[in-house]
Amino acid sequence: MTWDDPGLAGVMTTIGFIGSGMIGGTVARLSLAAGHQVVMSNSRGPETLQDLVAKLGPLAAAATAAQAAEAGDLVVVSIPVKAIGDVPAKPLAGKPVLDTGNYYPQRDGQIEVLDNGALTSSGLLQRYLPDAHVVKVFNNIYYKHLESLTRPSGAPDRTALPIAGDDAKAAVTAYLDSIGYDAVDGGTLADSWRQEPGTPVYGAPYGPFTSETGHPADAATIRAALAAAHR
């Protein structure tokens, strides 16, 4: 069996987090609500996460990045692109890695392979993690909308999120379903530019950032937005 076998979705009971900011913290809360355990980490050390973990409850723990990577059946990387070289590669070998990141040159500095289109930011993370299975997801939605738009499977107003990766997409789709979202296949990591900042699927389908709750966007809406992207 491989990580692209949806039959493995049932073993994904622990979600590791490298980065515990707005998106990471929100995904952790959704994971806990779905019955998953979470192991949180950040760049400042587990002692700085005690308040967050206390709020998250008994199924949450604080750890180092390496410990979170080791513990997770699936690992969410939610950090600035400029910090991806610090992600521990060895414990992530063979695991799905959900990359929530976006490249912002004003924050990350100029990165030539991203500026010239040779790689996407998720492709760059995959280069640092050659034995992991990187899938881009959660990068195109405002964290408040991510928290408010979750719906049970089969709900008529269920929202979809785009995912892009070279493998492990079946496992990630099953995980998204467990936390309240449908998935739309956006292609390979090389195609993941279609959901990056400035594209039609970035933010807009879910409503303006000034809205606290946003509004649902179904799979057809997300597919159309991906198809409308151009460079």
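The model is predicted, so local features are taken only at pLDDT of at least 70 and side-chain atom pairs only at pLDDT 80 or more, while totals for chains, interfaces and linings use all residues. Residues are numbered from 1 along each chain as its sequence is written, and side-chain values use heavy atoms, with hydrogens and water left out.

**Sheet**

**Strand β6**
- Strand β6 (residues 133-136) runs parallel to β5 (residues 96-99), joined by four bridges, and V134 in β6 is the bridge partner of V97.
- With β7 (residues 160-165), β6 pairs in the antiparallel sense over two bridges: V135 has G165 as its partner, and K136 stands opposite A164.
- Both faces of β6 are covered, since H133 and V135 on one side and V134 and K136 on the other are all buried, that is, under 20% relative accessible area with a 1.4 Å probe, protein chains only.

**Largest pocket**
- The largest pocket holds about 420 Å³ of space, and of its 20 lining residues M22, I23, T100, N102 and Y104 are the closest to its centre.
- A pocket is an open set of points on a 1 Å grid over the protein atoms alone where a 1.4 Å probe fits, with protein on both sides within 12 Å along at least five of seven lines; lining residues have an atom within 4 Å of a point.

Notes. Grid points are joined across faces, edges and corners, and a volume is the space filled by probe spheres set on the points. Buried means under 20% relative accessible area, exposed over 50%, partly exposed in between (1.4 Å probe, protein chains only). Two strands pair if DSSP finds at least two bridges between them.
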